[in-house]
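Subject: Structure handover

Hello,

Please find the structure below, followed by notes on what was found in it. Keep the structure open while you read.

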Amino acid sequence: MEPLRQDNQDWGPVRRVLFRFLFCYLVLYNFFFPLHLVPVYGEVLKQSYLEIWQVAAPWVGEHVLGVKVLYRPGGSGDTTFNYVQIFCFLAVSVAATLIWSLLDRRRRNYARLYEWLRVYVRFVLAAAMILYGAYKVIPSQFGTPLPSELLQPIGEGSPMGLLWSF
C-alpha cells in the first residue's frame with residue numbers, strides 16, 4: 001500500500017469516519033506499548049491503565065453482556081476478560097469516533113495523522129514480532145513438558161495448555 005502523500009486530497013466523509021474509528025481502536029488496543037518504556041513513571045502508568053480495565057471489563061461483562069468475568073493475569077489473551085476488553089475497546093472507539101466526528105467536521109483529510117499511525121503500528125508490530133521471535137529462539141517460553149502435564153487427561157486441560165505441551 002502506497003502512503004498517502006496528497007495533503008490536499010479530500011477523503012470523503014466515510015473514509016474520514018472509518019479512519020477516526022481505526023485510529024481510536026488501534027491506539028486504545030496498543031495504548032500501553034510505549035508507556036512501559038518511559039523512565040521512572042512507565043510501569044506506574046502501565047499499572048494504572050491495567051487497573052482501570054481490571055474494574056471496567058468485569059463490570060461491562062456482568063451488566064452489559066451478562067457474563068461473569070474473572071481477571072486472571074496470564075498473558076494468554078484468550079480469556080473471557082480479554083474478549084470483554086476488546087468489546088469495550090470497540091465501544092469506546094465508536095463513542096470517541098462519534099465525538100471526534102462532531103467536533104472535527106470540517107477537516108478534509110488526516111494524511112499526516114495517517115502517516116503517524118502507520119509508524120506507530122509498525123513499531124508495535126515490530127516489537128511484538130521481535131519479542132515473540134526471541135521467546136521461540138531462546139528456550140524460555142516452551143520448555144520440556146512436566147510428567148504431570150503429560151499424564152493429565154486431555155479434557156482436564158485448557159486448549160492453550162494442550163497446545164503448549166506440544
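Arg-72 sits in the loop between H2 and H3. Helices here are DSSP runs of H or I with at least four residues, strands are runs of E with at least two, and both are numbered from the N terminus. At 61% relative accessibility, Arg-72 counts as exposed. The term exposed stands for over 50% relative accessible area, buried for under 20%, and partly exposed for what is in between, with a 1.4 Å probe and protein chains only. From Arg-72 to Gln-54 is 18 residues in sequence and 9.4 Å in space, C-alpha to C-alpha.

Before going further, some conventions. This is a predicted model, in which local features need pLDDT of at least 70 and side-chain atom pairs count only at pLDDT 80 or more, while totals for chains, interfaces and linings use all residues. Residues are numbered from 1 along each chain as its sequence is written, and side-chain values use heavy atoms, with hydrogens and water left out.

Salt bridges

How many salt bridges does the structure hold? It holds 2. A salt bridge is counted when a side-chain nitrogen of Lys or Arg is within 4 Å of a carboxyl oxygen of Asp or Glu. As background, side chains of opposite charge can pair when their charged atoms come close.

One of the salt bridges joins Arg-16 to Asp-10, with 3.2 Å between the closest N and O atoms. Arg-16 is buried at 12% relative accessibility, whereas Asp-10 is partly exposed at 47%.

Another joins Arg-107 and Asp-104, at 2.9 Å from N to O. Here Arg-107 is partly exposed, at 43% relative accessibility, and Asp-104 is buried, at 17%.

The loop between H3 and H4

Asp-104 belongs to the loop between H3 and H4. Apart from neighbours within four places in sequence, Asp-104 is in contact (heavy atoms within 4.5 Å) with Arg-20 and Tyr-110. Asn-109 is also placed in the loop between H3 and H4, and its relative accessibility of 11% makes Asn-109 buried. Asn-109 and Trp-53 lie 56 residues apart in sequence and 32 Å apart in space, C-alpha to C-alpha.

How the helices pack

Two packed helices are described by the angle between their axes and the distance between the axes. Axes are lines fitted to C-alpha atoms, for helices over the stretch in contact, and angles run from 0 to 180 degrees between N-to-C directions. Angles under 35 degrees count as roughly parallel, over 145 as roughly antiparallel, 65 to 115 as roughly perpendicular, and the rest as oblique.

Helix H1 (residues 13-29) packs with helix H4 (residues 111-137) at about 30 degrees, and their axes are 11 Å apart. H1 and H4 are therefore roughly parallel. Their crossing is left-handed, a term for a near helix turned anticlockwise from the far one by less than a right angle, with right-handed used if the turn is clockwise. On the H1 side the contact has Phe-19, Phe-23, Leu-26 and Val-27, and these meet Leu-113, Tyr-114, Leu-117, Tyr-120 and Val-121 in H4. By class, the contact of H1 with H4 has 9 nonpolar, no polar and no charged residues. The classes are nonpolar for Ala, Val, Leu, Ile, Met, Phe, Trp, Tyr, Cys and Pro, charged for Asp, Glu, Lys and Arg, and polar for the others, Gly among them.

H1 also packs with H3, at about 135 degrees and with the axes 8 Å apart. H1 and H3 are therefore oblique to each other, and their crossing is right-handed. Residues in this contact include Val-17, Arg-20 and Tyr-29 of H1 and Ile-86, Ser-93 and Trp-100 of H3. The class count for H1 with H3 is 15 nonpolar, 3 polar and 1 charged.

What is the arrangement of H2 and H3? Their axes come within 9 Å and cross at roughly 90 degrees, where helix H2 spans residues 42-65. H2 and H3 are therefore roughly perpendicular. Among the residues that make the contact are Trp-53, Ala-57 and Leu-65 of H2 and Phe-81, Val-84 and Cys-88 of H3. The contact of H2 with H3 divides into 12 nonpolar, 3 polar and no charged residues.

A residue in H3

Val-84 is in helix H3, residues 80-103. Val-84 is buried, with a relative accessible area of 3%. Not counting residues up to four places away in sequence, Val-84 touches Ala-57, Val-60, Gly-61, Leu-65, Val-67 and Val-69. Gln-47 is 37 residues from Val-84 in sequence and 19 Å away in space, C-alpha to C-alpha.

Regards
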